[in-house]
Amino acid sequence: MTTMKIIHGRVIDPSMNRDETADVLIKDGTITAIGQINEDADTVIDAKGCIVAPGFVDGHVHFRDPGFTYKEDIHTGARAAAHGGYTTVIMMANTRPVIDCPEVLDGVLAKGRKTAIHVYSAACVTRFMEGKELTDFAELKKHGAVLLTDDGLPILNSAVATEAMEEAVRNDMMLSFHEEDPELIYIKGINDGETARKLGMKGARASAEEILVARDVVLSRATGAHIHIQHVSSGFTVDLVRKAKKDGIHVTCEVTPQHFSLNESIVKEKGTLAKVNPPIRTEKDRQEILEGIKDGTIDIIATDHAPHSKEEKLRPFPQAPSGMIGLETALGLGILKLVQPGIISMSQLISMMSTRPAQLFRLNAGSLQEGKPADLVIFNPKKTWTAGNYLSKASNSPFTGMELPGVVEYTICDGKIAYQSQ
């Protein structure tokens, strides 16, 4: 039996309403005790000055494997996740080939099992992500798909979206939606607002997101399906979700660190490094997103970790791909932009990054309860670091060079050290 003891840390576990200085004892990958522990252990970690929390859970990452491994692969993506304090991630299905059948799904999950963290995968809602013919939901669930999404592309046909929701209800699965109507987008990745006009461009209107969110809320009400709205960027979308929840409609949503940290002006400074779908919008939108985080309308934080090569991001804005990496900077941005200004508490941040996504995606994670897997992050909230020297294969981030609080000292998954700071 292998044993590990973490001593002197501030243990924060939102699932148990715990926030106290305590020790954590781990035996054979399982948490066996929390409190004042006198028992010896094979490995002892002194967490004085640090927070000990459930390992973070990211429900939205792109590891580009198969098909685009020059950007990222499952091994490097998992390594970046561990650096950011994540012990569990869910990969999106817009690979090449797309994950729309059990054979491709089995392949990516097999690779994920060879990493130091828990790597799960979504599968496509429609065959080839074409928005026409549904995949075999039951078979994909049987092979381990934890949710269904055509992320990267919206499902534009309302009849297909309705059919998907009805099939999801039959199979007790969540549908996760990328909501952007291409008819309302001129140039992807930049908000159709003041910054775009100054740069001589027409961008993506907020209504491109809002109109599809409104439609899918209506369809969720009609079908009873659980729909999850990805990377909310518009303040009005927050209002739509808030009202839907009050009306008892089964809708949840996520926000990314870039959307709660930045406004559209960042594109003038960082160019294509700040190009994302949906785009970073106005300061008014950002403030309304912060209010949605504060009042609980927004359920979780997800990174939408989207690696691209330097060469791709050096293309002219209209031709450059959208997306930025996010796994390694999410904790720091959460502390800097949400906890330090008093928007939410540290416990609430940990809940949005760990406990709530674990509950939402029905994963055995997000808790330090005795008997649970020993998936933990140990981080120093006061220590700072300069964003850069990423463990991801990519470096496309507008936050590079920024001083961020929250240094991950250890990431522990199944009782084994997945990442340790130098």
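**Exercise 1.** Which residue lies over the face of Y186, and at what distance from the ring centre?

*Solution.* K202 lies over the face of Y186, 4.0 Å from the ring centre. The criterion: NZ of Lys or CZ of Arg within 6 Å of the ring centre and within 35 degrees of the ring normal. The charged end of K275 also sits over a ring, that of F317, at 5.1 Å from its centre.

The model is predicted: local features need pLDDT of at least 70, side-chain atom pairs count only at pLDDT 80 or more, and totals for chains, interfaces and linings use all residues. Residues are numbered from 1 along each chain as its sequence is written, and side-chain values use heavy atoms, without hydrogens and water.

**Exercise 2.** Classify the ring pairs of F56.

*Solution.* Rings of Phe, Tyr and Trp (its six-membered ring) pair if their centres lie within 6.5 Å; planes under 30 degrees apart count as stacked, over 60 as edge-to-face, the rest as tilted.

1. F56 and Y86 are edge-to-face: 5.6 Å centre to centre, 65° between the planes.
2. F56 lies in strand β6 and Y86 in strand β7, so this pair ties together parts 30 residues apart in sequence. Strands (E, at least two residues) are DSSP runs, numbered from the N terminus.
3. F56 and F379 are tilted: 6.3 Å, 45°.
4. F379 lies in strand β13, so that pair ties together parts 323 residues apart.

**Exercise 3.** Find the side-chain partner of D100 in a polar contact.

*Solution.* Look for N or O atoms within 3.5 Å, one able to donate a hydrogen and the other to accept it; residues adjacent in sequence count only if both atoms are side-chain atoms. The side chain of R127 qualifies, at 3.3 Å.

How values were computed
Helices (H or I, at least four residues) and strands (E, at least two) are DSSP runs, numbered from the N terminus.
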